[in-house]
Amino acid sequence: MFPPVMPVYARADVRFERGEGVWLWDDQGRRYLDFVAGIGVTAFGHAHPRLVASLTEQAKKLWHVSNLYTVPGQERLGKKLVDNSFADTVFFTNSGVEAWECGVKTVRKHFHAKGQPQKNRIIVIQGAFHGRTLGAISAAKSEKMVTGFGPLLDGFDQVAFGNLNEMRAAITAETAAINLEPVIGEGGIKPWSVELLQQVRKICDEFGLLLFLDEIQCGLGRTGKLWAYEYADIKPDVMCVAKAIGNGFPLGACLATADAASGMVAGVHGSTYGGNPLAMAVGETAIDMLVEPGFLGHVQKIGAALDRAAQALVERHPTVFVEQRGIGLMRGIKCAPSIVAADFVKALLADGLCTVGGGENVVRLLPPLIIEDEHIKHAMEIFDRVATKFAAKSAA
Ligand SMILES: *Cc1c(COP(=O)(O)O)cnc(C)c1O
């Protein structure tokens, strides 16, 4: 019999009932340390009192009126995002991929409005992930995501991660923008170097292209800066964000400069739910908490501690792990070829630690940004136990 929930996820057989801070409890009363945070979403952990209060207070007042009307929360959160980023203007969505799609539309409309409608192609990166709409799978083109879903959308030209010669060679008179994740997330936690990001910005300036960043996973404090692009001291023209901005309440945003958004005028884009009062209430509080003095300093410090701990872990188990990499609290531990990262993730979960796999046989760690040293220690003890088992298995 076909299940009532479409079986498109390879789900773990665990049913969580309750969460508090960095901990989760399942329906058997078992406790788990959450080092995945709903895939980089619950930056402030579960049931944070300030976020719960914002959501419940708004829930008693007003849930939804649509964008037929002015939504004051949008104006406030929009201003906070603008004040704390490169951007002049924001479009609110309900998910990451919608924010990415808005970015694509903003880019194309920009050149259309400038009388250059032929400039409508976007250079994208092999191994990137931008979501699951037809547009986003047409850009990423991973076999698993596109097989059977054609025809795909035209307009995306892929180049290899980190290869600027290939990037330059791919630029034509039709190229409008370069789109990349400053730190590749789903693809296995791969940061672009500061030098390469600066070069990509230069290439955009040289050829009159827009730089369109996807900071859905790496943005909003995950790397220890509010935005990952700050490490390179550059500014994008368009950027999509989501995940941590709602801390679990569905919310995304497309940020743009006034020039990049010049084609986005009344009537050309929209969403029924996008930016509804509930989402805005949570988003406002989440941004306030992220930019509170000292908070990002905590992420940098605890991120460095996780880096050291993961490095030591890899060195303790050379037959199990190949390397570890990442920035801040966005970390990937690459398993040896004899080990399947998904099996390792399963074994960690059975021992009470939530993680998630990524591309290139990587176990991703995306813990809540509020973790402390004791949580890293706890996580590494579980990693050690599981790694010792896997080492024994592969030696046998
Ligand atoms: C998660 C993610 C998306 C898609 O977000 P959804 O909310 O699942 O649509 C897009 N880009 C990146 C980099 C992501 O990590």
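Around the ligand sit S95, G96, V97, F129, H130, G131, E181, D214, I216, Q217 and K243, where a residue counts as near if one of its heavy atoms lies within 4 Å of the molecule. This is a predicted model, in which local features need pLDDT of at least 70 and side-chain atom pairs count only at pLDDT 80 or more, while totals for chains, interfaces and linings use all residues. Residues are numbered from 1 along each chain as its sequence is written, and side-chain values use heavy atoms, with hydrogens and water left out.

Let's look at that shell by residue type. It divides into 3 nonpolar, 5 polar and 3 charged residues (Ala, Val, Leu, Ile, Met, Phe, Trp, Tyr, Cys and Pro count as nonpolar, Asp, Glu, Lys and Arg as charged, and the others, Gly among them, as polar).

Now for the polar contacts, meaning pairs of N or O atoms within 3.5 Å. D214 places a polar side-chain atom 2.8 Å from a nitrogen atom of the ligand. The side chain of Q217 has an N or O atom 2.7 Å from a ligand oxygen atom, and a polar side-chain atom of K243 lies 2.6 Å from an oxygen atom of the ligand. On its own, the ligand has 390 Å² of accessible area, of which the protein covers 82% (Shrake-Rupley method, 1.4 Å probe).

From the ligand, we can move on to the strands. These are DSSP E runs of at least two residues, numbered from the N terminus, and helices are H or I runs of at least four; two strands pair if DSSP finds at least two bridges between them. β2 (residues 23-26) and β3 (residues 31-34) pair in the antiparallel sense over 3 bridges, with L24 opposite Y32. Their hairpin has 4 residues between the strands, and G29 there takes a positive phi near 85°. β3 also runs parallel to β15 (residues 353-354), joined by 2 bridges, and D34 stands opposite C354.

Elsewhere, an open sheet of 4 antiparallel strands has the order β13-β14-β17-β16. β13 (321-327) and β16 (356-358) stand at the edges with a single partner strand each, so one side of each has no neighbour in the sheet. From one strand to the next, the twist averages 30°, with axes fitted to C-alpha atoms (for helices over the stretch in contact) and angles running from 0 to 180 degrees between N-to-C directions.

Helix α10 (residues 295-316) packs on this sheet, touching β13, β14 (330-335) and β17, and its direction makes about 170° with that of β13; contact means heavy atoms within 4.5 Å. Helix α11 (residues 341-350) packs on the sheet too, touching β13, β14, β16 and β17, at about 45° to the direction of β17.

Terms used. Polar contact = N/O pair within 3.5 Å; in protein donor to acceptor, adjacent residues only side chain to side chain.
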